[in-house]
Amino acid sequence: MKMKHVNARLICQVSAAAALVLAGNAMAADAFSSDSKWMTGDWGGERTKLIEQGIDIKADYVGEVGGNLNGGYNDDKTARYADQFGLGVALDLQKLWGWDNTQAKIQLTNRNGYNISNDRVGDPRAGTLSSSQEVYGRGHMVRLTQLWIQHQFFDNKLDVKAGYFGEGEDFNTFPCDFQNLAFCGSQVGNWATNIWYNWPVSQAAIRVKYNINDELYAQIGAYNQNPSQLEHGNGFKLSGSGTKGTVLPVELVWSPKVNSLPGEYRVGYYKSTADADDVREDINGFDAATTGDAYKSHSSKSGYWFVAQQQLTSHNGDASRGLNIAANATFHDKDTNFIDNYQSVMFVYKGPFDARPKDDVGIGAARIHVNDDVKKNAELLNVSNGVSDYDNPVFSPIRETEYNYEINYGFHVTNWLTVRPNLQYITHPGGVDEVDNALVAGLKIQSVF
């Protein structure tokens with residue numbers, strides 16, 4: 001797609017968002033009321049009736065702009081736009097069919113667009129470790145993202161969910177209000193290379209959760225590891241052909257009240273039963289980049305994570321406003337994983353102004369570290385290929401640590417529309433020291449239809 005077409009689409013998307021805002025302000029019609037939970041309104045009360053009957057229709061949109069203001073691999077100024085449409089339905093089967101304590105959900109997603117990180121921020125030979133537009137990825141196609149049924153047993157002590165869904169839906173879960181990928185959603189899926197598939201990819205899965213008490217629960221899952229589900233055209237694949245193994249996550253989740261303010265703390269571990277190649281050694285334990293032999297195969301790979309979220313303050317007794325802190329950390333198998341560790345911290349203040357009680361302001365910092373053996377392997381490849389000049393097309397860039405920073409402000413325009421301008425700063429994009437630090441301007445649009 002030519003750049004003028006991308007820019008034209010960007011203008012249309014932003015203009016449409018602005019038109020929706022003006023419509024909402026200009027008239028109190030139900031379809032665009034600022035107090036409505038949905039842009040299309042309550043359909044004359046029919047939507048509420050459907051929910052009361054057990055049918056909750058879900059429709060949403062996320063659009064993200066990324067423009068390189070300075071630095072990066074290519075400082076030729078431009079902008080990219082990526083988006084995602086979602087359509088689904090959540091079913092309360094107790095209301096619908098009298099099935100006690102049973103729920104189900106079907107969700108479709110469609111992603112489109114381009115990412116500024118791919119050819120402006122990062123060296124195309126190395127890419128970037130994070131992404132300035134988290135909604136980008138997994139192909140321009142429609143995917144079946146959720147198809148599951150869930151049931152609670154023994155007075156809701158035991159909760160079982162089965163069907164097609166991703167690990168990050170239940171394990172290592174995290175909100176997605178920032179635009180940079182390093183602060184958005186399940187982080188294990190971003191760094192556990194080729195085994196843990198985040199939204200919008202689904203996998204055949206089962207998750208079993210046991211509520212120990214009102215504040216503490218433990219859960220375990222089993223997810224089919226099937227790389228063919230990532231392929232274009234396989235968005236609705238339900239067969240097991242192409243299966244390589246199973247991802248087994250386990251997690252303990254504690255949700256205490258600290259000074260009457262909510263918090264959530266997660267610690268977990270995952271193991272993949274699929275074979276995984278070593279990042280450096282060959283089948284004889286020597287450097288594969290030097291010998292040219294096949295890389296050693298391991299029978300599994302594993303890692304663990306920590307997540308903490310805590311509200312620290314309220315605003316004049318209003319718990320919906322105040323300062324929140326969050327932190328993430330993941331650690332991965334050094335024999336087989338490209339990234340061996342990641343950490344981030346975020347601060348979000350909800351309701352910063354009395355005149356804007358539903359707005360929020362956020363700031364975050366993240367560190368992503370490339371496995372030292374990956375760095376050594378690239379150095380040995382360059383020696384083997386007889387290249388030492390970074391500008392040589394055959395040169396394998398040496399990757400170490402990338403840092404991502406974001407500051408944003410979320411304008412709660414209506415109950416169904418949030419517009420979040422942001423600035424991002426990426427240090428050593430892709431972990432490559434030769435690439436200039438990059439400044440990216442972003443805009444995230446979140447709407448519920």
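**Cores, disulfide and enclosed space in a predicted model**

Cys-184 is buried, with a relative accessible area of 5%; here buried means under 20% relative accessible area, exposed over 50% and partly exposed in between, for a 1.4 Å probe and protein chains only. The structure is a predicted model, in which local features need pLDDT of at least 70 and side-chain atom pairs count only at pLDDT 80 or more, whereas totals for chains, interfaces and linings use all residues. Residues are numbered from 1 along each chain as its sequence is written, and side-chain values use heavy atoms, with hydrogens and water left out.

The partner of Cys-184 is Cys-176, to which a disulfide joins it with an S to S distance of 1.6 Å. A disulfide is taken as a pair of cysteine sulfur atoms within 2.5 Å, and by this rule the count comes to one. The bond is left-handed, because the torsion about the S-S bond of Cys-176 and Cys-184 is about -75°. In contrast to the buried Cys-184, Cys-176 is partly exposed, at a relative accessible area of 26%.

The nonpolar interior was examined next. In soluble globular proteins, nonpolar side chains tend to be buried together. A nonpolar core is defined as a set of buried Ala, Val, Leu, Ile, Met, Phe, Trp, Tyr and Cys residues joined through side-chain atoms within 4.5 Å. The largest such core holds 29 residues, of which Trp-196, Tyr-270, Trp-305 and Ile-368 touch the most other members. Two or more residues are given to this core by each of α5 (188–191), β13 (301–311), β15 (339–350) and β16 (360–370), where helices (H or I, at least four residues) and strands (E, at least two) are DSSP runs numbered from the N terminus. The greatest contribution, four residues, comes from β15. Another core, of nine residues, lies apart from this one and includes Val-65, Ala-79, Tyr-81 and Val-419.

Several backbone features fall in loops. A cis peptide bond, with omega about 10°, joins Trp-199 and Pro-200; Pro-200 is placed in the loop between α5 and β6 (203–211). Trp-43, although not a glycine, has a positive phi of about 50°. Trp-43 lies in the loop between α1 (3–26) and α2 (46–53) and is partly exposed, at 36% relative accessible area. Asn-316 likewise is a residue other than glycine with a positive phi, near 50°. Its position is the loop between β13 and β14 (322–332), and at 76% relative accessibility Asn-316 counts as exposed.

Empty space was then located. Rolling a probe the size of a water molecule over the atoms shows where such space is left. On a 1 Å grid over the protein atoms alone, a cavity is a set of points where a 1.4 Å probe fits but cannot get out, a pocket is an open set with protein on both sides within 12 Å along at least five of seven lines, and lining residues have an atom within 4 Å of a point.

Of its 22 lining residues, Pro-175, Gln-309, Asn-324, Val-348 and Lys-350 are the closest to its centre. The elements that give two or more residues to the lining are β10 (261–272), β13, β14, β15 and β16. Ten nonpolar, seven polar and five charged residues make up this lining.

Finally, Pro-421 lies in strand β18 (417–427) and is partly exposed at 32% relative accessibility. Its contacts beyond four places in sequence include Ile-407, Tyr-409, Phe-411 and Leu-443.

Methods
Contact means heavy atoms within 4.5 Å. Ala, Val, Leu, Ile, Met, Phe, Trp, Tyr, Cys and Pro count as nonpolar, Asp, Glu, Lys and Arg as charged, and the others, Gly among them, as polar.
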